[in-house]
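Morning, everyone. I'd like to walk you through one model today. Please keep the sequence and the structure in view while I talk.

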Amino acid sequence: EEEFKWLLQEEVHTVLKQLQDILKEASHRFSLPTSGSGGAVKLENFVLSTSGTDQVKGVLTLQGDALCQADINLKMPRNNQLLHFAFREDKQWKLQQIQDARNHVNQAIYLLMNRDVNYQFKTGSEVLKLMDAVMLQLSRARNRLTTPAILTLPEIVSSGLAKMFTPALPPDILVNFYINLNKLCLTVYQLHVLQPSTTKNFKPAGGSILHNPGAMFEFGNQRYEVSHVHKVECVVPWLNDALVFFTVSLQLCQQLKDKVSVFSSYWNYRPY
């Protein structure tokens with residue numbers, strides 16, 4: 001029982017301090033100044049590329065959780081015409097995935113800071129409950145980066161992203177930006193209009209992270225089919241760091257839970 005008391009009073013706080021330090025590092029990687037610290041968030045440029053095709057090339061400028069510039073060249077397969085479009089100067093595109101992940105990390109830090117070194121844990125179940133709450137936030141943070149949103153093609157059309165560009169995107173081009181693990185991805189869909197006289201069996205596509213050629217949808221009384229899909233991406237190193245920190249933190253939480261559970265069952269400890 002003395003060992004168990006030592007675990008609750010000493011070792012738990014050591015692990016909580018470790019977790020706080022790691023998660024603060026993770027939070028800093030999202031490179032947004034905390035309130036009161038001042039200073040603008042640095043701009044980072046990333047070159048989009050993919051193996052095996054040069055249909056789409058571009059440079060993206062990321063500032064924290066916002067795409068503040070996108071400069072894209074698209075080679076049209078039909079006639080090899082080169083299109084160039086960029087964000088309007090007054091526009092930024094918020095990457096909700098990064099924003100949400102950061103919020104979950106900060107929520108985990110808040111939970112840990114609520115149990116400072118003076119706090120006395122009285123039962124094993126109290127520690128388990130705290131670890132479960134922290135792990136839930138960390139899992140949600142990780143899942144926001146590893147699982148892009150599932151969207152239908154009409155949702156992509158009406159997302160407002162098309163209105164960000166100058167010159168305006170042609171009506172037969174759709175674009176979508178998202179985070180996948182440590183990568184910032186751009187998908188460009190080229191469409192063709194399905195004529196009313198077409199003999200094709202119209203079957204609207206459901207929601208997906210990435211739609212394939214042949215996917216059909218209806219928007220504004222017009223039916224379309226995806227003819228070409230181009231996906232280009234770039235690695236964002238600090239997203240990779242954040243994912244590593246999440247993994248290490250989740251392992252630390254689980255190890256502490258395992259220790260507490262072993263002691264609790266060994267002493268047949270009854271939390272009140």
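Let me begin with a term. A helix crossing is left-handed if the near helix is turned anticlockwise from the far one by less than a right angle, and right-handed if clockwise. Keep that in mind. One caution as well: this is a predicted model.

Now, helices α2 and α3. Their crossing is left-handed. The axes of helix α2, residues 96–113, and α3 lie 8 Å apart, at an angle of about 165 degrees. Anything over 145 degrees counts as roughly antiparallel. Therefore α2 and α3 are roughly antiparallel to each other.

Who makes that contact? On α2, the residues include Gln96, Ala101, His104, Val105, Ala108 and Leu112. On α3, they include Leu130, Met131, Val134, Leu138, Ala141 and Leu145.

Take each helix by itself. α2 has 18 residues. From first C-alpha to last, α2 reaches 26 Å, close to the 26 Å expected at 1.5 Å a residue. Its buried residues include Ile98, Asp100, Arg102, His104, Ile109 and Leu111.

α3 covers residues 124–146, which makes 23 residues. At 1.5 Å a residue, α3 should span 33 Å. The end C-alpha atoms are 32 Å apart, which agrees. Among the buried residues of α3 are Gly124, Val127, Leu130, Val134, Gln137 and Leu145.

α3 has another partner. Helix α1, residues 2–29, and α3 have axes that come within 11 Å and cross at roughly 15 degrees. Under 35 degrees counts as roughly parallel. α1 and α3 are therefore roughly parallel to each other. This crossing, of α1 and α3, is left-handed. From α1, the contact uses Phe4, Leu8, Val12, Leu16, Leu19 and Leu23. From α3, the contact uses Gly124, Val127, Leu130, Met131 and Leu138.

Stay on α1 for a moment. Serine 27 sits in this helix. Is serine 27 buried or exposed? Buried, because its relative accessible area is 16% and the cut-off is under 20%. Leaving out residues up to four places away in sequence, serine 27 touches Val105, Asn106 and Ile109.

Next, a strand residue. Valine 59 is in strand β2, residues 56–63. Valine 59 counts as partly exposed, at 34% relative accessibility. Setting aside residues up to four places away in sequence, valine 59 touches Asn45, Phe46, Val47, Gln69, Ala70 and Asp71. Asparagine 73 is 14 residues from valine 59 along the chain. Their C-alpha atoms are separated by 9.2 Å.

Last topic: cysteines. How many disulfides does the count give? The count comes to 0. Cysteine 68 is in no disulfide. Cysteine 185 is in no disulfide either. For cysteine 185, the nearest cysteine sulfur is again that of cysteine 234, 7.8 Å away. The cut-off for a disulfide is within 2.5 Å. As for burial, cysteine 68 is buried, with a relative accessible area of 15%. Cysteine 185 is buried too, at 1% relative accessibility.

Note on methods: Residues numbered from 1 in each chain as written. Predicted model: local features only at pLDDT ≥ 70, side-chain atom pairs only at ≥ 80, totals over all residues. Heavy atoms only, no water. Buried < 20%, exposed > 50% of the residue type's maximum accessible area, 1.4 Å probe, protein only. Helix = DSSP H or I, 4+ residues; strand = E, 2+ residues; numbered from the N terminus. Expected span 1.5 Å × (residues − 1). Axes fitted to C-alpha atoms, helices over the stretch in contact; angles between N-to-C directions. Parallel < 35°, antiparallel > 145°, perpendicular 65-115°, else oblique. Contact = heavy atoms within 4.5 Å.
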